[in-house]
Amino acid sequence: MVKQKIAAAPSIRRLPAYLHLVRQAQREGLQYISGTAIAQELNLEPIQVRKDLSITHIMGKPKKGYSVASLIGAIEHFLSWDTTRRAVLIGAGNLGTALLGYQEFQYHGLQVVAAFDVNPEKIGSRIHQVPVFSVETLEQEIPTRGVKTALLTVPSHAAQAITEILIRVGIEGIWNFTKAKLRVPDTMVVQKEDLSSGYALFCVMMQARQLESYSSS
Ligand code: NAD
């Protein structure tokens, strides 16, 4: 698997929040936005914001800040959200359906062109306009679609077997929503996603808040 020793990973994780805010500023007609204003809105330190944005090679202007249009362009370009990334989704269940319906992906250049499932009731249907095929046709369908990215939303026990097929058909990156630790070649990019880690942080913050309110009462 491509070893993702990306030193700037925490900065990269914050870029979508900056982009959202700057797009909003653009809708409000602002031409420039300062690192301090961004920091205030997002409860961050201005120096952190400037450091994060420097990875996109954007330069601010003294006393004015960043050009809103240039900043949007710089973040989108750095994230490659200004180019279309065609993808397939395997496992059109609850999570898969939610992802297929997530309109925001179109602003990130992500275009899911086909979904695959084992359920005969889903095969041949369309979910949020995306056609659903039998998973048995993966090897025929993927090479014809110019797709290098897969979203994996099958039950965890099925994940490795599907991954073996994805490797064979030339998929280069898997956004893995399952709990399975996938065995893949060194050249493949795998990003594992887990809502539970965000929820874990939320729970600890709630506990800390409760402890604070007990000790102050
Ligand atoms: P689900 O049962 O609703 O959906 C699973 C879908 O996969 C079904 O449509 C099923 O027919 C299909 N499927 C089963 N075996 C298959 C195979 N071999 N090939 C293709 N399709 C197959 O489940 P869900 O709630 O949508 O969860 C799906 C996966 O996502 C699970 O692995 C779950 O653990 C994971 N999940 C992760 C997160 C997260 O935070 N990352 C959140 C929710 C669910």
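Biologist: Let's start with S80: is it buried, partly exposed or exposed?

Modeller: Happy to! Please keep in mind that this is a predicted model. S80 has a relative accessible area of 24%, so it counts as partly exposed, since buried would require a value under 20%. You will find S80 in the loop between α4 (68-78) and β3. Its backbone deserves a look too: S80 is not a glycine, yet its phi is positive, at about 55°.

N43 also has a positive phi of about 55° without being a glycine. That residue sits in the loop that links α2 (35-42) with α3 (46-54). With a relative accessibility of 71%, N43 is classed as exposed, because the cut-off for that class is over 50%.

The largest nonpolar core has 24 residues, and the members that touch the most others are V88, I90, L138, L166 and I171. Two or more residues come from each of β3 (85-90), β4 (110-117), β7 (149-152) and α7 (159-168). The biggest contribution is that of α7, which supplies four residues.

Setting aside neighbours within four places in sequence, L138 is in contact with I90, F116, P143, I162, I165, L166 and V169.

Conventions. Residues numbered from 1 in each chain as written. Predicted model: local features only at pLDDT ≥ 70, side-chain atom pairs only at ≥ 80, totals over all residues. Heavy atoms only, no water. Core = buried A, V, L, I, M, F, W, Y, C linked by side-chain atoms within 4.5 Å. Buried < 20%, exposed > 50% of the residue type's maximum accessible area, 1.4 Å probe, protein only. Contact = heavy atoms within 4.5 Å.
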